[in-house]
Amino acid sequence: MQQKDYAMKRLLIFGLLLLVPPAAIRAQEATLTNELATQFHAGAVIGYNNGGSVQANLTVADFAAGFPLQARLGVGYTRVEPGSAAEARAIFINDATNGTPEKQGHVWDGRLDFLYPFGLFNLERLFLLAGPRYAQFTGNFKYVGGNEDFDVRSNSWGLGFGLEGHFPVRGRTSLVITTGYDYYPSATLSGHDTSYSPDGDDVNPRRTFTYADADKAIDQPTHVVRVMFGLSFGL
């Protein structure tokens with residue numbers, strides 16, 4: 001579990017290693033040859049990502065001569081519906097029904113996108129994007145008066161793609177509208193002292209519950225639709 005918790009950090013480090021060295025080399029070449037230097041853009045978007053979401057990102061372009069793709073590293077936070085409180089209690093703890101249920105959920109996600117520019121319908125700054133994803137899901141279930149308060153967690157790698165438009169506002173600032181779809185395969189669900197895995201390697205399962213029961217009760221990320229907008233700033 002601890003290794004999984006470090007997976008997002010490894011993704012971020014990988015992205016920085018990918019972006020920074022070519023950018024530094026390209027910038028040095030530009031100084032010597034008076035060519036355009038590597039371009040950096042910082043951005044922030046808000047919107048729907050299977051729930052209300054906010055994301056910050058850093059994009060680098062022109063980091064290799066003749067290479068048409070841009071690369072972007074992003075980190076986001078999303079509030080989500082965690083699932084059924086009653087079923088979560090039965091599947092991960094016991095059959096008690098006392099207490100008033102309260103629940104909340106969130107997802108931290110990291111994403112590395114490669115953007116391909118193309119023109120369509122007289123819009124010059126459109127991009128197709130695709131890349132790997134990593135999501136850390138946490139669903140909290142509390143039963144006020146029932147002496148139960150526990151989290152259900154999962155960690156999963158996925159893939160995503162989308163379409164993004166940039167519309168100049170002023171100077172090097174652009175309005176960004178992005179839509180897309182991310183897919184995360186089934187991942188182990190862990191809560192209290194119990195876990196259910198897609199391969200059936202469960203730990204301390206309750207009664208005859210299986211992974212299918214846990215996955216149905218808990219709304220971890222699987223099929224994620226994104227519609228977001230925000231701003232991008234040239235650095």
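Colleague: Where is Asn204 found?

Modeller: Asn204 sits in the loop between strand S9 (194–196) and H4. Helices (H or I, at least four residues) and strands (E, at least two) are DSSP runs here, numbered from the N terminus. This is a predicted model, where local features need pLDDT of at least 70, side-chain atom pairs count only at pLDDT 80 or more, and totals for chains, interfaces and linings use all residues. Residues are numbered from 1 along each chain as its sequence is written, and side-chain values use heavy atoms, with hydrogens and water left out.

Colleague: What about phi of Asn204?

Modeller: Its phi is near 50°, a positive value in a residue other than glycine. Asn204 counts as partly exposed because its relative accessibility is 36%; buried means under 20% relative accessible area, exposed over 50%, and partly exposed in between (1.4 Å probe, protein chains only).

Colleague: Is His223 buried or exposed?

Modeller: His223 counts as exposed because its relative accessible area is 52%. His223 belongs to strand S10.

Colleague: OK, zooming out. How many helices and strands are there?

Modeller: There are four helices and ten strands. Along the sequence the pattern reads α-α-β-β-β-α-β-β-β-β-β-β-α-β. The protein has 235 residues, and 43% of them count as buried. Among contacts between residues at least 6 apart in sequence, 65% join residues at least 24 apart.

Colleague: What's the average pLDDT?

Modeller: The average is 86, and 83% of the residues score at least 70. pLDDT is the predictor's confidence in each residue, from 0 to 100. Over residues 16–34 pLDDT stays under 50, and the model has 26 contacts beyond four places in sequence for that stretch.

Colleague: Now the inside. Which residues touch the most other members of the largest nonpolar core?

Modeller: Phe92, Phe141, Phe150 and Ile218, out of 23 residues in that core. A nonpolar core is a set of buried Ala, Val, Leu, Ile, Met, Phe, Trp, Tyr and Cys residues joined through side-chain atoms within 4.5 Å. Helix H3 (85–92), S5, S6 and helix H4 (211–217) each give two or more residues to this core. The largest share, five residues, comes from H3.

Colleague: How many residues of H3 are buried?

Modeller: Six of its eight, so H3 is mostly covered. The buried ones are Ala85, Ala88, Arg89, Ala90, Ile91 and Phe92. Two of these, Ala88 and Phe92, are among the residues that Ile218 touches, not counting those up to four places away in sequence.

Colleague: How many cavities are there?

Modeller: Searching the whole structure turns up two cavities of 30 Å³ or more. On a 1 Å grid over the protein atoms alone, a cavity is a set of points where a 1.4 Å probe fits but cannot get out; a pocket is an open set with protein on both sides within 12 Å along at least five of seven lines, and lining residues have an atom within 4 Å of a point. The largest cavity has a volume of about 160 Å³. Its lining has 24 residues, with Gln55, Asn57, Arg72, Glu164 and Thr178 closest to the centre. S7 gives the most to that lining, with six residues.

Colleague: And the second largest cavity, which residues lie nearest its centre?

Modeller: Asn49, Asn50, Val107, Pro221 and Val224, out of 13 lining residues. The second largest cavity holds about 120 Å³ of space, and S4 gives the most to its lining, with three residues.

Colleague: Last one: how much space lies in the largest pocket?

Modeller: About 190 Å³. It is lined by 14 residues, and Gln39, His41, Ala61, Gln70 and Phe127 are the closest to its centre. S1, S2 and S5 each give two or more residues to that lining.

Terms used:
Points joined across faces, edges and corners; volume = space filled by probe spheres on them. Contact = heavy atoms within 4.5 Å.
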